[in-house]
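Here are my notes for your first reading of this model. Keep the structure open beside them and check each point as you go.

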Amino acid sequence: MNDILLKDVLLDAQQVSIRITGNRIAAIAPEIQAQNGDDIFDGKGKFAVLPPFYNAHNHAAMTLLRGFAEDMELFDWLSNHIWPAEAKLTAEDIYIGTKLAALEMIRSGTVWFNDSYWHPEAALRAVEETGMRATLGMLYLNGVSSDAADANAKLANAAKNSELVTVSHTPHAIYTVDKPTLQNIARMMESDGRQLHIHVSETAKEVADCQKEHGMTPVEYLDSLGLISERAMLAHCVHLTDHDREIIAARGAYIAHNPVSNMKLCSGLFDFEAARAAGCRIAIGTDGTSSNNNLSMLDEMKCAALTAKVTSGKPTAGRNRDIFHAATVTGAEFAGINAGKIAVGKAADLLLVNMDSIALSAGHDLLADMVYAAGSEVIDSVMCNGKFLMRRRIINGEAETIAAAQEVCKKIRLAVK
């Protein structure tokens, strides 16, 4: 495999060249001599290099349900509309929906996502074809058929030799997964070392119901079962007590903050500054497109910063560097990827952004512009594990994937009439 030479690009406002050897950043210097066979990306001083995004909470194939059953309360939306529609999706549908999600994420600079959805073995095929990274979940939900257990087993077996995909335990939530199942997951985690991905304290109702049934908050309840640890990604965490934050910080668990979904479903506003002050590890996710309605981490960062300010009443809250860190370094850390920073020895995951884009053209503070101003149009090229997933705005197979997804969506509309 030939080296990739990123020639005359901007890193921390300085013009440098970067050599990629295999899947690692091998050298960074003001000038690097090209070698025979190098694949050269000539930045001409107009492209800045940044870490890419790591999406901490997603239901990728929900791209097939974007715009479906809008403007509803969470439990009505899930129980009466989303879950019945999802029951009609085949493994092939989910493969196509995941490929569509991958296209959207790559275009907006994401190289890894933490997923929880049906037929994860089909999602695995989609992820590997796109070249992205992912953590795919073995799904647990009360009352599901044996097909789900078979799908979980297929996923675990198929991912054994995958370089880019890991497998986690993903019970949906404490109100959809019973105590014996959660206890069994805790036991399995002791032996298999897998991570946990679960919705936690998303709504006030969830917290009130848990306190009524168990005399504890959802975080306290999961902790009592041994499920809160450094291998846990807790999605949403909108309604936390001070004690909840203490537990999460003490156990080294991660929070997946999903500000757009939280606002759209009126779940509430996550207190970013309170969690940060308590020492919690905060990553950022988009949730699925049914409750967002896109997979852009750029949009998510802006909303995370703004809601942090509104929630705390302090314009100094949700600083752009803290938000960018959550969207890059923290997600990569949970995923076990030596990335999130452009440095020698790090994984060759990176973005090339066009500094001639309107949103970046002022050039005063690139991270602030990425958090507050940029849209996906600023992203010219995306590299994951030393390979270009998008180069000069071109993604191979994009038109075919969109056409296939449109056919599946037509089928969904006919099935729910």
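1. In which helix is the place of Arg107? Arg107 belongs to helix α2, residues 91–107. Helices here are DSSP runs of H or I with at least four residues, strands are runs of E with at least two, and both are numbered from the N terminus.

2. A word on the basis. This is a predicted model, where local features need pLDDT of at least 70, side-chain atom pairs count only at pLDDT 80 or more, and totals for chains, interfaces and linings use all residues. Residues are numbered from 1 along each chain as its sequence is written, and side-chain values use heavy atoms, leaving out hydrogens and water.

3. Stay with Arg107. Its relative accessible area is 18%, so Arg107 is buried (under 20%; exposed is over 50%, partly exposed in between, with a 1.4 Å probe and protein chains only). A polar atom of its side chain lies 2.7 Å from the backbone oxygen of Arg393. Arg107 also touches residues beyond four places away in sequence, among them Ser376, Ile379 and Glu398. Touching means heavy atoms within 4.5 Å.

4. Next, the neighbouring helix in these notes. Helices α2 and α3 pack at an angle of about 40°, and their axes are 8 Å apart. Axes are lines fitted to C-alpha atoms, for helices over the stretch in contact; angles run from 0 to 180 degrees between N-to-C directions. Residues of α2 including Ala91, Tyr95 and Ile106 meet residues of α3 including Ala122, Val127 and Thr130.

5. Now the sheet. It is open, with 8 strands in the order β6-β7-β8-β9-β10-β11-β12-β13, and the pairing is parallel. Two strands pair if DSSP finds at least two bridges between them. The edges are β6 (53–58) and β13 (281–284), each pairing on one side only. From one strand to the next, the twist averages 25°.

6. Look inside the sheet. Strands β8 (residues 133–140) and β9 (residues 165–171) pair over 7 bridges. Met138 stands opposite His169 in β9. Helix α3 (residues 120–130) lies across β7 (110–115), β8 and β9, and runs at about 175° to β8.

7. Last, the cysteines. How many disulfides does the structure hold? The count is 0, where a disulfide is a pair of cysteine sulfur atoms within 2.5 Å. Cys303 is partly exposed at 22% relative accessible area, whereas Cys384 is buried at 1%.

Key: Polar contact = N/O pair within 3.5 Å; in protein donor to acceptor, adjacent residues only side chain to side chain.
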